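Thanks, everyone. Let me put the model up, and then we'll walk from its pocket to one strand and on to the core.

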Amino acid sequence: MKSVITIVVVLFIVRLCWPEAAASSATESETSVADSSDAETPMAENASLLAEAPTADSTCQMAPAACHAELLALSSTEPCLDFSVHHRIRGVHSYQQSFPDVQDVQYPAARANGVTPVEDRAEAEQRKSELLFVGVNPYYMMDGGMSRSIPYLVPKASHLLQHIGRRFLDSLAVKGIPLHKLIVTSVLRTEDDVRRLRRINGNASEQSCHRFGTTFDISYNRYHTVAPPDDPNRRAVRSDSLKYVLCEVLNDARNEGLCYIKYEVKQGCFHITVR
């Protein structure tokens with residue numbers, strides 16, 4: 001007990017004689033608390049950055065080529081994201097069963113969503129308030145040999161075609177397949193086109209869905225390679241692989257209620273009408 005009293009008295013005397021020592025001690029204590037507070041700041045900043053970091057889903061909302069480049073960039077900076085593992089190609093179980101929509105299904109939808117039939121190309125030029133030009137688009141190509149139709153669609157069908165073309169490019173990117181554009185082989189047919197087509201193709205329907213600007217055909221045997229021939233990143237891809245990816249995209253669009261689709265064996269195309 002005496003020793004405790006002695007220590008208290010000594011400390012009291014030190015405080016009276018050297019007040020700066022006590023102030024220094026208090027300052028060091030405050031500095032220690034401040035340092036401790038600063039040490040927590042990086043953790044808070046990291047949490048904020050993680051919350052704001054882009055996800056793979058948000059990244060892929062950009063254009064396909066940019067999306068592919070962005071994924072590659074992320075794979076080198078974000079070790080927690082493994083983009084070297086590409087999505088698998090699934091395809092569909094059966095072309096005929098997955099895309100069975102015949103004329104009896106597509107024709108009523110074409111009439112309901114389309115324009116009145118156009119007599120010839122001269123009249124088509126006068127109907128541009130109802131139809132959109134679809135001959136040039138970054139997400140697909142028009143067939144260079146297309147002579148029995150003209151590149152016009154109603155706005156709803158134009159949006160569907162671009163939607164399919166963009167989804168196809170996005171799917172190729174995430175599967176690690178070199179980018180290819182779809183080739184559209186038939187679009188709007190005038191009454192004159194239908195008459196001339198029936199002279200050389202007895203199977204061509206006089207009541208064609210293409211007359212309403214709601215319908216287009218996409219080849220499943222031919223595709224347009226995006227990379228130029230001398231590009232070192234370009235490599236050969238089997239048409240079957242591209243067809244499987246296209247089937248996935250079309251199957252999703254059909255299941256979402258966006259369109260009717262018929263798998264055309266002899267014509268080598270998918271016959272698609274907007275809903």
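**The pocket, a strand and the core**

The largest pocket has 31 lining residues, and those nearest its centre are Arg-189, Asp-217, Glu-264, Gln-267 and His-271. A pocket here is an open set of points on a 1 Å grid over the protein atoms alone, where a 1.4 Å probe fits, with protein on both sides within 12 Å along at least five of seven lines; lining residues have an atom within 4 Å of a point.

A word on the source. This is a predicted model, where local features need pLDDT of at least 70, side-chain atom pairs count only at pLDDT 80 or more, and totals for chains, interfaces and linings use all residues. Numbering runs from 1 along each chain as its sequence is written, and side-chain values use heavy atoms, with hydrogens and water left out.

Back to the pocket. Its volume is about 750 Å³, taken as the space filled by probe spheres set on the points. The lining has 16 polar, 9 charged and 6 nonpolar residues. Nonpolar means Ala, Val, Leu, Ile, Met, Phe, Trp, Tyr, Cys and Pro; charged means Asp, Glu, Lys and Arg; the others, Gly among them, are polar. β5 gives the largest share of the lining, 3 residues.

Now strand β7, residues 269–274. Strands are DSSP runs of E, at least two residues, and helices are runs of H or I, at least four. 6 of the 6 residues of β7 are buried, so the strand is largely enclosed by the rest of the structure. Buried means under 20% relative accessible area with a 1.4 Å probe, protein chains only. Cys-269, His-271 and Thr-273 point one way, while Phe-270, Ile-272 and Val-274 point the other. In a regular strand, side chains alternate between the two faces of the sheet.

Which strands pair with β7? β5 runs antiparallel to β7 and is joined to it by 5 bridges. β6 is also antiparallel to β7, over 6 bridges. Pairing needs at least two DSSP bridges. Phe-270 is the bridge partner of Ile-218, and His-271 stands opposite Lys-262. The β6–β7 hairpin has 4 residues between its strands, and there Gly-268 takes a positive phi near 65 degrees.

Last, the largest nonpolar core. It has 46 residues, and Ile-164, Phe-216, Leu-246, Phe-270 and Ile-272 touch the most other members. α9 supplies its largest share, 8 residues. Such a core is a set of buried Ala, Val, Leu, Ile, Met, Phe, Trp, Tyr and Cys residues joined through side-chain atoms within 4.5 Å.

Technical notes. Buried < 20%, exposed > 50% of the residue type's maximum accessible area, 1.4 Å probe, protein only.
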